[in-house]
Amino acid sequence: MSKFLNDKYLSLERYVPGEQPQDKKYIKLNTNESPFPPSPKVIEGLNKEEKEKLCLYCDPECKGLKKALADLYGVKAENVFLSNGSDDILNFAFMVWGKDGAIFPDITYGFYTVFCDLHGVKYTQYPLKDDFSINADDYIGKKEFAVIANPNAPTGMTMEMSDIEKIVASNPDRVVLIDEAYVDFGGESALPLTEKYDNILVCQTFSKSRSLAGARLGFAIGNKALIEDLDLIKYSTNPYNVNRLTQKAGEYAVEENEYYVNNCKKIVENREYTQRELERLGFRVLDSKANFIFVKSDKISGGDLYTALKDRGVLVRHFTRERIKDYNRVTIGSREQMEKFIGCVTDILKGE
Ligand code: PMP
């Protein structure tokens, strides 16, 4: 760091993204991307003509894409916010709604604490229950901004919609953000609650189910006033935060929604296959509704399995935090990738 750095950032602990090797050496099961390419129109539509328009700024309001999403989810365009990945939305959200502090589980998406530290938001982390489920009662009637990933990461486990509604209804004076980055793989969305309550924001992403992690596109749906709060920060930082090609890619992706729905079905089948095979090998596999599973074996430590897999060209995600260090998070890829993964795990357990 330079001597010029503002003191308030000196102790900031940055978020550490999963490894992103730029060669094709690995079967990449570490950052929950889709194994499927974007849909045909996304690939063909981002053509020479579109690229030539890059000399012009993009539409800061993202009108076309907002309308497409509003139509898809049966809301008004004024209820939709678009941003440079859902991380961007989370960042804004902690900034605008964190004045009374924030609450979220002890085991959840690691970026939440980073955003809190960045914006000076005090936070409390409620421990997950022993079975790794979220205790809804911890979030009832509290005054702090509540953030719940549903499905949660890295467990993949979901919360009952009735519990989410209880949390939202229990204090109309604070915002509850439901981070649904992984909802398309079998979870239930809280979107209907956004019509009933003005204090819930549902945040989703094109990075997982819609195969656009590299394009950086996230969206949130909620009451118009909440969207205006987010817009305030967007227009005070970077009004053009969703670039021209990404907006177009998003529009085409929404047009071809069926393609992605089918891909999600395949991921669910591959998840069930992988879970069955791992359980046959003696693993504990948490009940996941996401495009990843959280798994542990009594025969090998989480760290050793991670390393042994990496040596064989398979990348998974291992977290060193005490409570989850025995586990690995494994992204669900194509059937072929998962068969190779299972083959490697089998060899590793045999000591081969
Ligand atoms: N929420 C959760 C729970 C995540 O795991 C991720 C992906 N790392 C994100 C949000 C952010 O995704 P993106 O910025 O790619 O939309």
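The largest cavity has a volume of about 40 Å³, and the structure holds one cavity of 30 Å³ or more. A cavity here is a set of points, on a 1 Å grid over the protein atoms alone, where a 1.4 Å probe fits but cannot get out. Volumes are the space filled by probe spheres set on the points, with grid points joined across faces, edges and corners. This is a predicted model, where local features need pLDDT of at least 70 and side-chain atom pairs count only at pLDDT 80 or more, while totals for chains, interfaces and linings use all residues. Residues are numbered from 1 along each chain as its sequence is written, and side-chain values use heavy atoms, with hydrogens and water left out.

What lines the largest cavity? Its lining residues (an atom within 4 Å of a grid point) are Ser 34, Pro 35, Phe 36, Phe 185, Lys 208, Ser 209, Ser 211, Asn 263, Ile 267 and Asn 291. They split into four nonpolar, five polar and one charged. For that count, Ala, Val, Leu, Ile, Met, Phe, Trp, Tyr, Cys and Pro are nonpolar, Asp, Glu, Lys and Arg are charged, and the others, Gly among them, are polar.

## Around the ligand

Now for the polar contacts (pairs of N or O atoms within 3.5 Å). Thr 205 has a polar side-chain atom 2.6 Å from a ligand oxygen, and for Arg 216 the distance from a polar side-chain atom to an oxygen of the ligand is 2.7 Å. Tyr 109 has a side-chain N or O atom 3.1 Å from a ligand nitrogen. Taken alone, the ligand exposes 400 Å², and the protein buries 91% of that (Shrake-Rupley areas with a 1.4 Å probe).

## The largest pocket

The ligand takes up the space of the largest pocket; sitting in a pocket means that more than half of a molecule's atoms lie within 2 Å of its grid points. A pocket is an open set of points with protein on both sides within 12 Å along at least five of seven lines. This one has a volume of about 1,200 Å³. Of the 47 residues lining the largest pocket, Tyr 15, Val 16, Tyr 109, Gly 110 and Arg 317 are the closest to its centre.

The elements giving two or more residues to this lining are α4, α5 (111–119) and β4 (123–126), and α5 gives the most, with five. By type, the lining holds 21 nonpolar, 13 polar and 13 charged residues.

Most residues other than glycine have a negative phi, and most peptide bonds are trans. Asn 150 and Pro 151 are joined by a cis peptide bond, with omega about 0°. Another cis bond, with omega about 5°, links Ala 153 to Pro 154. Pro 151 lies in the loop between β5 (145–149) and α6 (161–170), and Pro 154 is in the loop between β5 and α6 too.

Phe 132 is not a glycine, yet has a positive phi of about 75°. Look for Phe 132 in the loop between β4 and β5.

Definitions and conventions:
Polar contact = N/O pair within 3.5 Å; in protein donor to acceptor, adjacent residues only side chain to side chain. Helix = DSSP H or I, 4+ residues; strand = E, 2+ residues; numbered from the N terminus.
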